[in-house]
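Hello, and welcome to this one. Please take a moment to look it over, then read the notes below.

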Amino acid sequence: MKAFLKALILAAGGAAAALAAVCAPAAGRFIHVDGVVNVRDSAGAVRAVKSGELLSVKDSIVVGEGRAQIRFDDGGWISLQPRTIFEVKEYPRREDGDIVLSLLKGGARAVTGLFSDRRPGRYRMETPNATIGIRGTSFQATFCLQSCDLPDGLYVTGGDGTTYVKNALGEIDLSRGRTAFVASAQTPPRESGVKPVVQVEETMTAQQAAAVGSTTTAELRPGNFIYFEGTNGYTGPFQVVPVSS
């Protein structure tokens, strides 16, 4: 009888975890997936994803030899490079909450959306070495962990507006094109001339664009971000930056 009750409790616990994963609120949608991209939900279940699928709060994205581009529900965008581990830790359903993302490894290019435009102090991206915040709308982050042709550590390059990088030992503000490097959580951020390379690929096919509801394939080229304001929008391409010493 005790064994039966124990099995019943374990089964109920597993069902509750699965239900919590299913009921996790959506944060956005994959608008482009190329190559090997998996999602691990809050219950630990892993699935391969494709363009058009939803992304939920507490989901972790594991990018192998592939790429993924995500549109968040407030109009923000993020593009993930190969060999990246990324998590949506918090995503508000209203503007009074925080957007908390986590980059554990690899590269991400981000453009913030409506929630962050109105309340930029509530947006942050956490990494093992430092936290990234914004007083603008875009930045690029690369966390090298034996995964780059660069020394290990966090590299952050500013985009539109101001991006700040801080940990317990210091903080640095970045304007467009300036890069900060943080070697570890035990070292302060410092400015660096090294900028990780961002790759730009070919335009999406008409079939891929149709799958995510776009009206033009040019909008959804990997390496581009589109921020929609009503029915109009603009496209901002990735800038390819050569590695320098």
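The points below cover the disulfide and then the cavities.

1. A word on the basis: this is a predicted model, where local features need pLDDT of at least 70, side-chain atom pairs count only at pLDDT 80 or more, and totals for chains, interfaces and linings use all residues. Residues are numbered from 1 along each chain as its sequence is written, and side-chain values use heavy atoms, with hydrogens and water left out.

2. You will find one disulfide here, a term for a pair of cysteine sulfur atoms within 2.5 Å. Its partners are Cys-144 and Cys-148, with 2.2 Å from S to S. The link is left-handed, at -100 degrees about the S-S bond.

3. Are these two cysteines buried or exposed? Cys-144 is buried, at 1% relative accessibility, while Cys-148 is partly exposed at 26%. (Buried is under 20% relative accessible area, exposed over 50%, partly exposed in between, with a 1.4 Å probe and protein chains only.)

4. Next, the structure has two cavities of 30 Å³ or more. A cavity is a set of points, on a 1 Å grid over the protein atoms alone, where a 1.4 Å probe fits but cannot get out.

5. What lines the largest cavity? Its lining residues (an atom within 4 Å of a point) include Phe-72, Asp-74, Trp-77, Tyr-91 and Tyr-123. Strand 9 (residues 99-111) gives the largest share of this lining, four residues; strands are DSSP runs of E, at least two residues, numbered from the N terminus.

Key: On a 1 Å grid over the protein atoms alone, a cavity is a set of points where a 1.4 Å probe fits but cannot get out, and a pocket is an open set with protein on both sides within 12 Å along at least five of seven lines; lining residues have an atom within 4 Å of a point. Grid points are joined across faces, edges and corners, and a volume is the space filled by probe spheres set on the points.
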